[in-house]
Amino acid sequence: MIKVLLAEDQVMVRQGLKAMIETDEEIEVTGEADNGREAVRLCDKQLFDVAILDIRMPEMDGIEAAKILRSRFPHMKILMLTTFDDNQYVMDALKLGVSGYMLKNGDTASLIRSIKSAIGGGLSLEDQVAAKVMPVLLQNQVEESIDPTLTPRERAILKCIGEGLNNKEAAERLGLSVGTVKNQTSHILDKLELRDRTQLAIYAIRHRLI
């Protein structure tokens with residue numbers, strides 16, 4: 001069972017999201033918060049696999065909460081939720097290493113898919129969000145070549161990560177085991193001195209692997 005923390009200050013929206021999420025028998029909302037500060041307190045008391053944070057909340061917003069949670073609980077996945085598809089919010093969230101950025105008007109299937117993708121190590125962006133942020137990343141492509149110490153296999157895995165594939169999907173595409181993809185991803189992180197898969201995805205885009 002995937003345990004989810006849902007932080008959203010509007011009660012009716014939160015109840016609706018919870019109902020959508022729990023249509024999948026493999027996912028359960030085991031904690032609810034109406035602001036970022038409460039979300040952090042809940043995480044200090046119990047374990048969650050995924051935290052879904054509204055980006056705009058009273059007392060402490062989703063970005064600030066995500067910073068704290070990434071520091072204290074590095075293995076917990078974080079998904080950002082908002083009605084504001086401003087690319088600056090997206091970039092701020094991606095720089096923190098979150099696993100996805102969703103709009104509140106998304107459908108049930110997309111929400112569940114994003115949660116499961118995060119658990120599998122993938123990066124999810126709603127189409128509307130990706131359409132705004134991808135041009136920003138592409139405009140900032142760097143001229144220097146990709147790290148020469150990366151092997152062909154590592155480059156192939158990095159390309160998959162940049163395309164948003166999770167470990168299982170990358171393994172299937174490349175004909176590798178999931179364990180091999182996980183191990184190779186750790187090696188890539190070490191070589192490039194990056195923190196997480198989100199930074200790897202941005203690296204792949206900026207270095208024209210996508």
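This is a predicted model: local features need pLDDT of at least 70, side-chain atom pairs count only at pLDDT 80 or more; totals for chains, interfaces and linings use all residues.

User: Which residue meets the side chain of Glu32 in a salt bridge?

Analyst: The test is a side-chain nitrogen of Lys or Arg within 4 Å of a carboxyl oxygen of Asp or Glu. For Glu32 the N to O distance is 3.0 Å. The partner is Arg14.

User: How many residues apart in sequence are the parts that Arg14 and Glu32 tie together?

Analyst: Arg14 lies in helix α1. Glu32 lies in strand β2, residues 27-33. The pair therefore ties together parts whose separation in sequence is 18 residues.

User: And Arg14, buried or exposed?

Analyst: The cut-off for buried is under 20% relative accessible area. Arg14 has 12%, so Arg14 is buried.

User: What is the N to O distance between Glu8 and Lys104?

Analyst: The side chains of these two residues meet in a salt bridge. Both Glu8 and Lys104 are buried. The N to O distance is 2.9 Å.

User: Where do Glu8 and Lys104 lie, and how many residues apart are the parts they tie together?

Analyst: Glu8 lies in the loop between β1 (2-7) and α1 (11-21). Lys104 lies in the loop between β5 (100-103) and α5 (108-119). The pair therefore ties together parts with a sequence separation of 96 residues.

User: Which helices does the salt bridge of Asp44 and Arg72 link?

Analyst: The closest N and O atoms of Asp44 and Arg72 are 2.9 Å apart. The pair links distant parts of the chain, 28 residues apart. Asp44 is in residues 36-45 and Arg72 in residues 62-72, which are helices α2 and α3.

User: Which residues do salt bridges that share partners join into one network with Glu8?

Analyst: The structure holds 14 salt bridges. Some share partners and join Glu8 into one network with Asp54 and Lys104.

User: How many disulfides does the count come to?

Analyst: A disulfide needs a pair of cysteine sulfur atoms within 2.5 Å. Cys43 is buried at 3% relative accessibility, and Cys160 is buried at 2%. By the distance rule, the count of disulfides is 0.

Conventions
Residues are numbered from 1 along each chain as its sequence is written. Side-chain values use heavy atoms; hydrogens and water are left out. Helices (H or I, at least four residues) and strands (E, at least two) are DSSP runs, numbered from the N terminus. Buried means under 20% relative accessible area, exposed over 50%, partly exposed in between (1.4 Å probe, protein chains only).
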